[in-house]
Amino acid sequence: MITSKRLAAGVCALLAALTAGIAFPAAALAGEPTGEATPQVDLVLDVSGSMRTRDIDGGTRMAAAKQAFNEVLDATPEDVDLGIRTLGADYPGDDQKTGCKDTAQLYPVGPLDRTEAKTAVATLSPTGWTPIGPALLKAADDFDGDGSKRIVLISDGEDTCAPLDPCEVAREIAAKGIGLTIDTLGLVPNAKMRQQLSCIAEATGGTYTSVEHTDELTDRVNQLVDRAADPVVTPVAVDGAAACAEAPTVKSGLYTDREEFGKQRWYRVDVEPGQELRASVSVGADRAVNPSYGVLLRAVTVHGREIVRGEAAGNGRTDVVSTGLRYPKAESDEEDAASEAVCLQVTNSFSVASGVKTTPGLPLELTVDVVDGPSPASDVASFGLGRGWWLLGALILAGFLAGLIWGWLSRWRLAVWRTN
């Protein structure tokens, strides 16, 4: 019995390994992390006059921020480049035009000198305005290199530099396709500030967190800095065309684009005989949209004949809708058979109410994977068992023989018992 169980377990493990090898073929992705690029984080701190308020653990908001920064600087991994930018730290006057330019790089994004960075933070004193939009624009230029880029914005109030909307600024940054994520933290937030900081984060795929205690602020900033060091695949920016004939050719990888409301984007993929094209697309609503919408992904030939399609609809409960498709191209008997150009069409049916900006377009993320297709019919068994069919046959035969032997032994024991 024990031997049979071990044999069955070994066979199951082998079958699982074979299945995994068939189901997940290796494929290189565009923008795949190599581990060589250094992740970068820019901490953007609000140093406006409201940071003097004493409502965090009996101290001022500024004191809580300084304590959190000191602990974060001590815990920052060695393989992360970190910088610090301030907003509202230098101009104490009443001129809005001047106050809305008040943002400076306190410590440049690069290898961290903990003592120097702590000394710079110690000099900060709550001063002026809250130019979140201008600070984000400047912070987007603080980075250099190809590593992951993350801004961590810490503020205790909404932007005071209208009409420059920080949410629109975040959308413009996302539209550049530079792979920059903005996470926001609100100190003792109100409803308006929560809405603004959430919008900034959502526009770039970041997160928003409400903070009311010093230890919460420290823990959250540490988490975001550590997250920057995790390997990520950065989408490659691509400009889809308005028609198949002008579509850019893409290979296996992750791509990002912007699609206008109700419009379509085209991309081209070359598929060799015996390969399978797998594609998926996600379109996000980074602003208020009407509740009923959908996304369509079609694979068509260069002559306009539809090969396969995938579609999905949304009802307003989620701000992202995704769909996908698969297209296996048959093997060819010709040795020099040409590849087939397949055009991918992405169409959306999002719509907005009057007064909502329609530019830039909605963020679109396209995943393309061209892999070796399924093995030919002569190389696999029926019932989809692949090359492991003989294992199942061996188990069936072994079970049959074991049953015969067990039956013979049972009858022999019964005969002996009757004789005795």
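This is a predicted model: local features need pLDDT of at least 70, side-chain atom pairs count only at pLDDT 80 or more; totals for chains, interfaces and linings use all residues.
Both faces of strand S13 are covered in this structure: Tyr 293, Val 295, Leu 297, Ala 299 and Thr 301 are buried on one side, and Gly 294, Leu 296, Arg 298 and Val 300 are buried on the other. In a regular strand the side chains alternate between the two faces of the sheet. Counted along the strand, nine of the nine residues of S13 are buried.

**Strand S13 and its partners**

S13 pairs with strand S14 (residues 306–314) in the antiparallel sense over eight bridges, and within this pairing Arg 298 has Arg 309 of S14 as its bridge partner. The hairpin formed by S13 and S14 has four residues between the strands, and in this hairpin Gly 304 takes a positive phi near 95°. S13 is also joined to S16 by seven bridges, with the two strands running antiparallel; here the bridge partner of Val 300 is Cys 343 in S16.

| Strand pair | Sense | Bridges | Residues opposite each other |
|---|---|---|---|
| S4 and S5 | antiparallel | five | Leu 87 and Thr 103 |

The structure holds one aromatic pair. Tyr 293 and Phe 350 form this pair, which is stacked, with 4.3 Å from centre to centre and 15° between the planes. Because Tyr 293 lies in S13 (residues 293–301) and Phe 350 in the loop between strand S16 (340–348) and strand S17 (362–372), the pair ties together parts that are 57 residues apart in sequence. Both Tyr 293 and Phe 350 are buried.

**The chain as a whole**

The protein chain has nine helices and 17 strands, and buried residues make up 43% of its 420 residues. Of the contacts with a separation of 6 or more, 75% are accounted for by residues 24 or more positions apart. The chain exposes about 22,200 Å², of which carbon and sulfur atoms supply 54%.

**The open sheet**

Six strands form an open sheet in the order S5-S4-S1-S6-S7-S8, with mixed pairing. Its edge strands, each pairing on one side only, are S5 (103–110) and S8 (208–211), and the twist averages 15° from one strand to the next. Helix H2 (residues 61–75) packs on the sheet, where it touches S1 (40–46), S4, S6 (149–155) and S7 (180–187), and the direction of H2 makes about 165° with that of S1.

**Helix H6**

Seven of the ten residues of helix H6 (residues 166–175) are buried, so the helix is largely enclosed by the rest of the structure. The buried residues of H6 are Pro 166, Cys 167, Glu 168, Val 169, Ala 170, Arg 171 and Ile 173, and what covers them includes helix H5 (132–139), S7, helix H7 (191–203) and strand S10 (253–259). At the N-terminal end, Asp 165 caps H6, with a side-chain oxygen 3.0 Å from the backbone nitrogen of Cys 167, while just after the helix Gly 177 takes a positive phi of about 70°.

Notes:
Residues are numbered from 1 along each chain as its sequence is written. Side-chain values use heavy atoms; hydrogens and water are left out. Two strands pair if DSSP finds at least two bridges between them. Axes are lines fitted to C-alpha atoms, for helices over the stretch in contact, and angles run from 0 to 180 degrees between N-to-C directions. Contact means heavy atoms within 4.5 Å. Rings of Phe, Tyr and Trp (its six-membered ring) pair if their centres lie within 6.5 Å; planes under 30 degrees apart count as stacked, over 60 as edge-to-face and the rest as tilted. Buried means under 20% relative accessible area, exposed over 50%, partly exposed in between (1.4 Å probe, protein chains only). Accessible areas come from the Shrake-Rupley method with a 1.4 Å probe; for residues, only the protein chains shown count as cover. A polar contact is a pair of N or O atoms within 3.5 Å; within protein, one must be able to donate a hydrogen and the other to accept it, and residues adjacent in sequence count only if both atoms are side-chain atoms.
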